[in-house]
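User: Please take a close look at one chain of this assembly. I want its domains, its overall dimensions and its packing, in one connected answer.

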Amino acid sequence: MRILRFVGRRLLQLIPVLLGVVVLTFLLVRVLPGDPIRSILGPNATEADADAARARFGLDQPIWKQFLDYLGGLVTGDFGTSIQSGASVTGEMALRLGPTLELVFIAVSIAIVLAIWLGIWSARRADTVGDHSVRIFALFGNSIPEFWLGLVLILVGYAALGWFPAPSGRVDPDTNLTPLTGADLIDALITGNGPAISSSAAHLVLPVLTLVIGVLAPLLRSVRASALEVLRSEAYAAAAAHGLPERTLLRGYLRRATLVRLPSLAALVFGTALGSTVLVEYVYSWQGFGQWALRGLLYRDYPVVQASVLIIAFAYVLVFLIADVVHAWLDPRVKI
Amino acid sequence: MAPPNISRRGLLQLGGSVALLMTTGACAAGSKDNPESKASGGPAASTLRIAVSSYLSSWDQDFVGFDLTALMLFKNVYPYMIDYGVTKAGDSEILDTANITPTFAESFEPDSTQKIWTLKLRQGVKFASGNEMKAADVKWSKDRAFAAQANVAGIYRTIGLTKAEQVIVKDDYTVEFHQEFPSALTKQIQAISLYVFDSVEAKKHATDADPWAKEWFAKNAPTGGYFNVSKATQGQEIELTANTGYPGTDGAKTPTIRLSVVPAAANQRLQLQAGDIDIALGITGQDLQDLKKVEGVKVLSAASNNQVAIQMSVTTAPFDDVNVRKALAYAVPYEQIIKNVYGGDARPTKSLVPLDMPGYAETGYPFTYDIEKAKQALAASGKTSISSELVFASDSDEQQKIAVQVQAEAAKAGITLKLTPLDPATLGERRGQKSIPLQITTGQLWVNDVEYMLATSFVKGAALNYSNYTNPEIEEIYTKSHTTVDDAARQQLWAQVQTILAADVPWVIICQPNFNLPVREKVAGWVQPMDGLARLRYLSASA
Amino acid sequence: MASLEMLPVVSGTKDGRFAKALIYVGSGILIVAALAAIFAPLLSSWGPKEIDPSGTLAAPGGEHLLGSDGNGMDVWSRVLHAARIDLGIAVLAVALAVVVGTLLGLLAGYLGGWVDDVLMRIVDIFQAFPTFILALAVSALLGGGFFNLVITIAAVNAPAYARLVRAEVRTLREMQYIEAAKTSGASTLGIMWRHLLPNSLTPVRVIAPLNCGWAMLTLAGLSFLGLGVTVPTAEWGSMISLGTSDVVAGRWWTSVPPGLALLVCVLGFSLLGEGLQERADAKSRR
Amino acid sequence: MLQIEDLSVVIHRPGRQVAALSNVSFSVAPGEVVGLVGESGGGKSMVARAIVGMLPSGSHATGRVGFDGDDVLRMDAAALAHHRGRGAAMCFQNPRGALSPTRTVGRQLIDRLVTHQDMDGKRAAESAKELFAAVGIRNPSRRLEAYPHELSGGMAQRVMISLATGCAPGLLIADEPTTGLDVTLTREILRQFRHAADTDGRGVLLISHDLASIAEVCDRVVVLYAGTVVETGPAAQVLRHPAHPYTRALLRSVPDVSGGRAVATAGGMPLMTAAPHNCPFAPRCAHATDVCRETRPETKALSSGWSLACFHPQEEPLFADTVPSNHAESSGHAEPGRSAEAGRVVLRVQDAHVVYRSRFGSGGHHALRGVSLEIKAGETLGVVGESGCGKSTLAKLIMGLVEPSEGSVEVAGKSVRKQSRVERTRAQMVFQDPIGSLSPRRTVADSIAEPLRAAKVSTAERTKKTEAALQRMELDSSILTRMPHELSGGQAQRIGIARALVGQPDLIVFDEPTSALDVTVQAQILDVIADVAADAGHGSVFISHDLATVRGFADRVVVLYLGRVVEEGPVDEVFDNPQHPYTRALLGSAPRLGETRTADVELVKDLDEADAATGCALAARCPFVTDTCRSQEQTLQPYGESRAACWRIPELPALIGKSSS
């Protein structure tokens with residue numbers, strides 16, 4: 001109940017932020033140089049044709065009117081019509097969101113689990129060779145541009161070793177996967193499609209690995225620092241001084257206390273990974289949200305850019321909200 | 001608009017611009033003729049895999065944006081009543097733009113006034129829904145175009161079709177098009193416009209708010225063409241299967257074609273090398289040269305009239321001075337570009353008229369790379385140095401490389417160029433403003449004729465005339481050419497044109513790169529599409 | 001002595017020897033990179049934009065130390081000259097972000113009230129976007145080029161600094177020495193400038209180097225998408241991006257050297273940041 | 001049971017080395033409470049760590065820590081695991097910090113019960129409840145579910161004790177168990193340890209910096225100085241007749257609530273890098289001779305169980321006069337020419353209320369409820385009360401750092417609200433945290449001159465005045481260029497006082513100026529403050545939770561309780577003849593040297609459990625509460641020279657007599 005009230009209150013607080021995001025993106029796309037209409041018409045179109053097209057997308061209206069229309073649409077869940085495709089943005093977005101979120105969620109989850117495990121391992125061996133090497137390796141991973149790393153992984157994992165499927169598509173079409181959510185692995189699991197499960201999982205390996213390597217370092221750094229802080233805390237020393245067995249110490253006194261500060265960082269990392277997908281998707285032919293949004297940006301497809309930016313922002317703040325809830329759940333000191 | 005009289009010039013401009021732009025960045029190439037290898041092998045032979053660089057933005061041809069992948073697919077999945085024929089060029093097969101033949105139609109012929117065109121449908125053509133294609137479908141499709149202001153409605157204006165009432169159903173398989181005026185280009189225009197929707201199916205998805213089922217068609221693939229879309233994974237993959245409901249004998253040779261979206265060229269290349277795809281449509285430049293050496297891969301190659309040029313705005317300083325234009329023409333390292341950018345796989349050209357176009361003469365472009373002459377030309381304009389901006393498409397590696405080479409050499413002649421890569425939206429906008437001093441253009445003319453070339457690029461107001469070039473003599477020659485039918489006389493006119501252009505130098509013509517298409521060795525039957533939109537029905541794979 | 005008694009059971013850091021090593025190695029890398037950038041023209045016989053008329057994609061050795069790229073430009077020279085652009089943009093952008101962010105954070109944190117509310121809501125809005133997405137949008141708006149990229153990356157990062165400094169200031173303003181300054185009659189501006197500013201920068205000092213590394217990666221990402229530095233300006237990200245297909249063909253030299261240069265410099269910033277972080281942690285324990 | 005023999009601990013760090021303990025020997029027997037006393041840096045905690053085998057990294061220990069026949073220093077991991085908790089269990093200094101924040105205190109206790117008493121979960125839960133009840137936690141089953149941050153300091157300390165006893169140890173170690181606790185609670189907590197020794201037969205090692213406060217419950221006392229044992233002996237002996245000069249200095253540094261003034265000992269504890277080869281106290285010792293400076297004294301037994309390491313054991317009484325000092329003697333404050341009546345009024349607080357509004361919602365914390373004060377130049381007002389009584393809020397109110405929600409504050413005749421920046425410097429404050437009140441990145445010179453800067457004093461003048469103030473603080477001017485973190489606590493507090501003085505203000509507020517300092521340093525600072533407060537030019541407010549320090553030099557004193565003044569009067573009158581039940585309880589709990597005085601009023605419940613909705617603030621905790629108390633707001637009424645806010649005062653002597661009989 002308390003959690004629900006907290007979530008409710010936080011959602012209310014989000015409204016002004018999201019409204020700001022709406023206004024900002026609406027204005028931003030309109031001050032971008034470039035004409036969205038010209039790119040769909042071809043050069044032979046007359047001014048009249050362009051005007052007609054503009055009218056079709058409501059771009060002939062005064063700005064405030066366009067904004068009100070857009071806002072009105074948003075309230076009913078209508079993000080408008082894509083200038084490039086003429087299709088409903090809501091529908092297109094629904095198709096694109098699944099694959100990207102699947103990628104990001106899996107990658108961030110793996111990175112978090114790995115960071116927790118390695119971070120605590122590292123902290124317990126603070127200042128040993130093992131600790132140092134784990135940290136340096138994580139920093140290395142963090143220093144490689146994702147797109148380059150992606151290419152290297154393709155060269156090694158696909159071209160040289162042939163362990164992974166061709167970097168195109170997300171699942172072998174012969175598995176006849178029924179799309180439900182757009183997240184292929186999830187769909188495969190729901191429909192119990194065995195071949196699709198293995199195919200989509202195999203396709204996920206390299207892009208997920210790319211993202212994991214890219215985002216591991218900050219998580220690891222944080223977990224290690226927190227774990228070290230806990231290990232060095234009087235509270236932990238007290239528990240150890242009272243002779244509690246190793247297992248109780250690790251489970252009851254180290255782990256949860258260590259993870260207290262992780263959620264908000266994990267949310268931040270989620271954002272980083274979300275941003276990185278624009279690059280990673282390109283390299284792995286992963287036709288997801290990032291590619292869609294980028295194309296929208298390049299072609300000045302106003303409704304697409306507005307919707308994608310708004311949704312990314314919404315997902316991001318939502319993840320932060322989840323992080324806050326998890327934080328509150330982990331840390332009893334947090335008042336919610 | 002559309003006063004009947006502009007017709008010929010307008011039409012030529014229209015068609016040319018579409019063609020020129022369509023081939024921009026797209027791949028097309030001739031192929032070895034191998035009609036024997038029909039789809040008869042095992043499952044491996046029955047499926048071809050093609051990599052494209054992007055997914056199509058919409059399935060509705062009436063309202064699609066300018067999207068090469070989509071336009072190419074539409075040629076294969078919409079039933080087009082008429083289309084170009086195939087002809088031989090060297091050892092390649094190419095589409096013959098001069099010869100338009102019925103495909104899904106039985107016939108498409110005018111009456112004596114040239115104003116009423118009768119379309120007789122082929123009987124027994126089935127949409128995937130099982131409905132037979134009938135006159136009502138044609139009528140519905142055209143009603144939709146006019147009522148909902150589809151892209152074709154704009155195109156139709158130029159042949160005097162502006163209202164739905166001008167399309168009249170005679171019987172189940174006959175439709176008449178009543179034009180407001182006769183036009184020589186009716187066939188050309190209808191070839192790109194006469195595609196038909198399954199109206200019975202469409203009406204099921206029409207709503208009060210959306211009477212023309214735009215929402216539905218944007219998301220659902222059309223049926224009834226040479227291929228049906230058997231599966232489409234948004235953004236990722238499209239599976240085409242040969243339409244068994246097509247009663248003709250020239251149906252698709254390959255039962256299944258898979259197109260997968262692979263944006264990164266390096267990826268396409270890796271997959272082609274590994275045999276995971278059969279045809280890579282997004283590979284350019286150095287990669288092509290590299291692939292020639294790869295086992296199992298062949299690069300289909302053919303000379304082409306694809307032109308790479310820098311259009312100089314003759315109305316924008318400093319290129320409003322012909323000496324400055326000449327200076328740049330002397331400062332461009334033609335040979336070096338052919339070597340560095342195309343790996344030698346391009347032909348140098350000495351005229352703004354393409355090499356294989358009738359009338360080509362070497363006098364058309366008397367400029368070679370010569371920094372000294374460039375300096376002299378610049379001095380003749382009274383300047384020792386100038387600076388300007390060179391615009392190119394940000395998504396084209398090829399143009400970028402050319403820009404880099406030009407910038408470096410032009411600098412030696414005292415011409416400082418700022419490189420400005422522009423994304424499609426901004427490029428379109430700036431072209432609309434006609435304010436780009438220098439821009440790199442690549443493209444191919446749809447009709448292999450100088451009159452056509454003038455219409456698209458060198459007369460006042462021509463759509464592709466980014467140079468803003470005008471010359472009364474050229475206008476005069478152009479007008480004269482409409483009525484000149486004698487070949488020799490036309491040749492003479494073209495010689496004049498090239499002399500004038502040689503003096504005015506509106507373009508720096510860089511070279512004519514060859515078409516190259518990397519495919520697996522088993523791929524056969526490629527017909528080089530002159531409009532850049534591959535007709536997949538000719539393709540086959542040998543096991 | 002009191003500090004020793006507080007020391008924990010676990011093996012402690014050996015007085016930050018590793019932190020010191022991280023800081024030394026990190027700043028060593030950066031100093032070398034900075035020197036390479038400064039003396040780039042002296043270290044290379046070719047200009048960074050000079051095209052070798054004899055051809056492209058020459059293998060390393062011979063005329064070109066690290067070969068030449070697809071445009072016939074000398075890779076070694078470009079890698080060196082790119083350091084100017086990459087380090088320059090990263091450092092300037094982060095510096096700008098720190099200055100602007102700190103200023104805003106200081107105002108919001110100390111003044112509180114509506115100033116805080118307005119500034120922080122704006123920051124909230126900016127922070128509702130993942131930074132790379134925001135960078136994409138802003139660079140599409142401003143276009144490429146050195147200073148536009150500096151502004152882009154600074155704009156994307158400034159909100160984070162504003163938030164960081166604000167949080168710090170809100171803690172600091174409850175400190176006794178701020179009360180002491182108030183009771184000593186110090187003016188608001190004086191308190192902000194003399195007491196809050198120097199002390200609120202502590203976390204910034206740790207974050208800034210890490211942020212520089214991030215800025216370089218962002219820059220490279222933007223260049224990869226064609227939104228960064230315009231060709232043929234030597235920049236690591238665009239060099240890597242141009243060289244990707246060469247790698248596939250086995251011509252490693254066009255993209256591996258800039259890739260390594262980028263990696264090493266980012267690593268330099270990361271090591272420095274990590275070292276500073278560890279030292280700060282150690283200090284706060286003391 | 002515990003037998004420490006010749007224990008030395010050296011901690012090696014790159015670049016430095018610290019001899020934390022040097023040749024320490026003492027023992028603890030079952031059922032015995034031993035006090036381990038000394039200032040911070042003396043090595044007390046290191047002893048505790050050595051006993052549980054948790055020395056910091058880089059430390060090298062020699063000697064023997066015998067525990068039930070085994071040597072802790074030579075135990076293997078398994079033996080150590082058994083020894084920790086089961087053998088010796090520690091109560092940590094800062095209980096809230098020592099409780100794991102993310103686990104309920106009940107779970108933490110059950111963890112220990114399961115580990116050391118082999119209980120299953122269910123029995124452990126039962127047992128936990130009993131243990132909680134045993135340490136005086138009301139409503140134990142509810143508290144078991146609590147997280148540490150939900151507990152008050154006193155409650156946390158009780159939980160800590162239950163955790164330690166839950167291990168069923170042979171030896172209970174308590175590291176500064178009462179630091180930060182209010183006086184009324186301190187006694188209660190200390191009693192818990194005595195109880196553990198008496199009923200369960202455990203050995204107890206009680207570590208404290210404050211000999212006086214623990215002496216009451218200890219059987220024996222061990223005094224540490226610079227890592228060496230300087231004196232060991234029965235508690236009463238060491239407390240009343242200490243022989244070692246350090247023990248004596250320690251005891252004399254503490255002011256006595258009955259009026260004994262603190263006697264300062266100059267200097268500070270040295271940081272040893274190696275085991276001392278001489279008497280480490282020699283540089284500060286008034287009796288030191290050359291032998292002390294050259295040879296380290298052996299530990300010699302004086303009588304049974306009483307031994308010390310000194311060449312010159314002192315035998316004369318600790319104070320010239322051991323009787324609770326009378327007026328004339330203890331008061332350096334009633335000097336002629338400091339007649340309070342003569343001065344002008346420098347502070348007038350009238351019916352001030354302060355409400356801290358919570359950020360959201362309408363509620364708020366009512367920190368002050370109608371406080372009125374008046375101070376004249378040359379006068380010193382003491383303000384005492386437990387933590388949370390509103391002392392600090394009062395200080396902030398006077399300084400203009402918080403606004404009164406009702407009432408008014410005037411400094412030097414001008415309302416604080418209307419002060420200009422320069423006028424604001426007419427009142428100055430000396431803060432609780434000496435180092436924390438100095439801007440970390442400003443030099444000492446900068447800090448001292450800050451008020452002058454606001455007053456637009458010229459640079460040259462500033463330098464002059466700064467140096468003058470510094471001189472008065474007996475500090476060398478070389479300190480001016482230092483940064484706060486390079487200062488010792490005592491130095492920093494002198495700087496703080498110098499800053500307060502430098503602008504010659506009308507009023508100086510001392511807010512717990514010595515509570516963060518070590519005992520001997522505290523005595524030094526109190527000397528300085530007494531000197532400063534004696535200036536006729538300004539009035540002083542001295543705020544402290546420690547009654548004894550206030551008595552030292554205040555003219556008048558007010559007792560605050562939950563934001564109200566409950567008693568007010570001349571200092572000696574209030575201390576020697578307290579009226580209000582709260583004042584009585586407070587004074588009764590204050591530790592006294594050399595005597596055990598039982599409080600005649602004992603409050604029920606802890607402070608945080610009391611809520612003052614209506615009526616008398618103390619109603620919830622007062623043993624003499626009636627319905628009238630609960631319903632009627634009490635106002636200050638004159639009783640003798642004092643004024644107090646309790647209507648039952650006339651009946652109190654009778655009531656007290658009844659309850660104690």
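Analyst: The C-alpha centres of domain 1 of chain D and domain 3 of chain D are 35 Å apart. This is a predicted model, and that separation is computed from it. Domain 1 of chain D comes in two pieces, 2-102 and 147-308. Domain 2 of chain D covers 341-569. Domain 3 of chain D covers 577-661.

Next, the secondary structure. Chain D holds 24 helices and 24 strands. Its radius of gyration is 26 Å, close to the 26 Å that the globule rule gives for 661 residues, so chain D is as compact as a globular protein of that length. Along the principal axes, the C-alpha trace of chain D spans about 70 × 65 × 50 Å.

Now the packing. Of the 661 residues in chain D, 54% count as buried. A residue counts as buried here if 20 or more other C-beta atoms lie within 10 Å of its own. Contacts in chain D also reach across the sequence. Take those between residues at least 6 apart in sequence: 68% of them join residues at least 24 apart.

For context, two other parts of the assembly. The contact between chain A and chain B takes 42 residues from chain A and 50 residues from chain B. On the side of chain A that touches chain B, α7(A) gives the most, with 4 residues. That side divides into 21 nonpolar, 15 polar and 6 charged residues. In chain C, an unreviewed UniProt entry places "transmembrane region" at several spans, including 252-276. The end C-alpha atoms of residues 252-276 of chain C lie 35 Å apart, and the span is 84% helix and 0% strand.

Terms used
Residues numbered from 1 in each chain as written. Chains lettered and ligands numbered in written order. Predicted model: local features only at pLDDT ≥ 70, side-chain atom pairs only at ≥ 80, totals over all residues. UniProt positions renumbered as here; feature names shortened; annotations may be inferred. Helix = DSSP H or I, 4+ residues; strand = E, 2+ residues; numbered from the N terminus. Contact = placed C-beta atoms within 7 Å. Nonpolar A, V, L, I, M, F, W, Y, C, P; charged D, E, K, R; others polar. Domains from an automatic or database assignment. Rg over C-alpha atoms; globule rule 2.2 N^0.38 Å. Buried ≥ 20, exposed ≤ 12 C-beta atoms within 10 Å, placed from the backbone.
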